[in-house]
Amino acid sequence: MKKVFVLLMMPLLGTVSALAQDEVPQVKVTTVTVPDTYWEDASDENSRVLNDNKFKDNWFFGVQAGSMMSWGTNSSKASFMDNQNVAFGLQWGKWLAPYMGVRLTGIFGHNRGQFVQPDKPYHWLTYGANFDMLLNLTNMVNKYKEDRKFNLVGIIGTGLNHAGKYNTNDQRLGQIRSNFLVIRAGLEGIFRLSNAWDFNVEVTNNWINSNFDGQDANNRYDGHLDILLGLTYRFKNHDGARQFTYAKYNASRYDYLNDEANRLRAQAEAKRNAAPIINIQKKVVEGNLVRTLISFADNKSNIDKLQEVNVFTAAENYKKMSDASIYITNYGDTKANNQELFADRANSVKMMLMNEYNIPAGHIFIEANPQIIKNLDQKNTVIVFINE
């Protein structure tokens, strides 16, 4: 729970009172407590907004071990357990979105074949590499949750398998090939163990040319069913997380307002005979048009702590609109006298809107001439004024 101070108009009211009554204004501060909240996208059924995902984010690496069950020519003549052989695997990949990822896998294992009349088993080694597309079926059916403990993932892929080192010279072996194209499909269950580690159970079937087992008499597909258990390590993202995260508004940044209110009390007496510096938070609703003023100190382009509240207000109103735009312009009817200072101040506001509130740069426009803003079609628009 974080403190948020809400009577932001009190400094203005206190200053006006000082001019009228020649008294030092008394600034009253009232506080309420609210929980941290998630940013929501009004254009997408108010769904939560994910934090930015960079290329180096959401990578993973895993090791696997289990069984490679051969199937093909005469495999039905052997028992289920006879067709089980040891297998080992590696995987390296990246989740591109909560519902989709890609990976490269390496596999090594034994395969078993079966001769008949007379019956005779034989073995050979297999290793290969595959490229797989991962589809998170859980997140596709149910919306993504950061704390979900289990995910079911579909696997579709292709690759190459190398076969060699047959342990027999039986004449019933045909013309032996070494390399085979593989088509793969399967399912993977992912169990969350900790912030960084997952436990995986994977079942993947591999379809291969009928010559894979060295017997090509029946022209049917051969292959192997891989049943693998594994551990996967999820690397840190640029923000320290190890998964996709939703963007939150952290109210704790406004804890400093209590000290700021005390500072304003002290300044009020010193400035009561001077021209007032007015800090205004103004919101006029005309359909979907919202106006906000952000004041800067003389000759300064950095945003004062107190004025960050007005930047937040502009971002909040933008999020509530569909396909909205934000225009940053000079306060008044004409261009600012100091265009360089105006540009610095406008860019400070734009960078905070982008970096702190995840607003796309393509929806933020800087226009030095306020007359141009007045002539625009201002549907679904937030206008941010900057003082001279």
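Q: What makes a contact between two side chains a salt bridge in this predicted model?
A: A salt bridge needs a side-chain nitrogen of Lys or Arg within 4 Å of a carboxyl oxygen of Asp or Glu. Arg 103 and Glu 202 have their closest N and O atoms 2.9 Å apart. That value lies within 4 Å, so the pair is called a salt bridge. The structure holds seven salt bridges.

Q: What parts of the chain does the pair of Arg 103 and Glu 202 link?
A: Arg 103 belongs to strand S8 (residues 100–115) and Glu 202 to strand S12 (residues 197–208). The two residues are 99 residues apart, and the pair links distant parts of the chain.

Q: Why is Arg 103 called buried?
A: Buried means under 20% relative accessible area. Arg 103 has a relative accessibility of 1%, so Arg 103 counts as buried.

Q: How do you know whether Glu 202 is buried or exposed?
A: The relative accessible area of Glu 202 is 2%. This is under 20%, and therefore Glu 202 is buried.

Q: Why is the contact between Asp 132 and Arg 184 called a salt bridge?
A: The N to O distance between these side chains is 3.0 Å. The limit is 4 Å, so Asp 132 and Arg 184 form a salt bridge. Asp 132 lies in strand S9 (residues 120–136) and Arg 184 in strand S11 (residues 179–192), so the pair ties together parts 52 residues apart in sequence. Both Asp 132 and Arg 184 are buried.

Q: Which residues are linked in a network of salt bridges?
A: The network of salt bridges links Arg 103, Asp 132, Arg 184 and Glu 202.

Q: What makes Arg 234 and Asp 198 a salt bridge?
A: Their closest N and O atoms are 3.1 Å apart. Because this is within 4 Å, the pair counts as a salt bridge. Arg 234 sits in strand S13 (residues 222–234) and Asp 198 in strand S12, 36 residues apart. Both Arg 234 and Asp 198 are buried.

Q: In what order do the eight strands close into a barrel?
A: The order is S6-S7-S8-S9-S10-S11-S12-S13, with antiparallel pairing. Neighbouring strands of this sheet are turned by 25 degrees against each other on average, direction ignored.

Q: How do you know that S9 and S10 pair?
A: Two strands pair if there are at least two bridges between them. S9 and strand S10 (residues 150–164) are joined by 12 bridges, so they pair, and they run antiparallel. Leu 134 stands opposite Ile 155 in S10. In S11, Ile 155 has Gly 186 as its bridge partner.

Q: Why are S15 and S17 said to stand at the edges of the open sheet?
A: The open sheet has four strands in the order S15-S18-S16-S17, with parallel pairing. Strand S15 (289–294) and strand S17 (364–366) each have a single partner strand, so one side of each is left without a neighbour in the sheet. The twist averages 20 degrees from one strand to the next.

Q: What makes S16 and S18 a pair?
A: Six bridges join strand S16 (residues 325–330) to strand S18 (residues 381–386). At least two are needed, so S16 and S18 pair, and they run parallel. Tyr 327 stands opposite Ile 383 in S18. Helix H4 (residues 308–319) packs on the sheet and touches S15, S16 and S18. The direction of H4 makes about 165 degrees with that of S15.

Q: Which residues form the nonpolar patch on the surface?
A: The patch is formed by Phe 61, Val 63, Leu 90, Trp 92, Leu 193, Trp 197, Leu 231 and Phe 235, with about 720 Å² of accessible area together. Strand S6 (59–71) and strand S7 (86–97) are the elements that give two or more residues to the patch.

Q: Why is Leu 231 called partly exposed?
A: Partly exposed is the class between buried, under 20%, and exposed, over 50%. Leu 231 has a relative accessible area of 39%, so Leu 231 is partly exposed. Its place is in strand S13.

Q: What share of the protein is buried?
A: Buried residues make up 44% of the 388 residues.

Methods: Residues numbered from 1 in each chain as written. Predicted model: local features only at pLDDT ≥ 70, side-chain atom pairs only at ≥ 80, totals over all residues. Heavy atoms only, no water. Buried < 20%, exposed > 50% of the residue type's maximum accessible area, 1.4 Å probe, protein only. Axes fitted to C-alpha atoms, helices over the stretch in contact; angles between N-to-C directions. Contact = heavy atoms within 4.5 Å. Patch = residues over 30% accessible without salt bridge, like charges linked within 9 Å, V, L, I, M, F, W, Y side chains within 5 Å. Areas by Shrake-Rupley, 256 points an atom, 1.4 Å probe, with all protein chains shown as cover.
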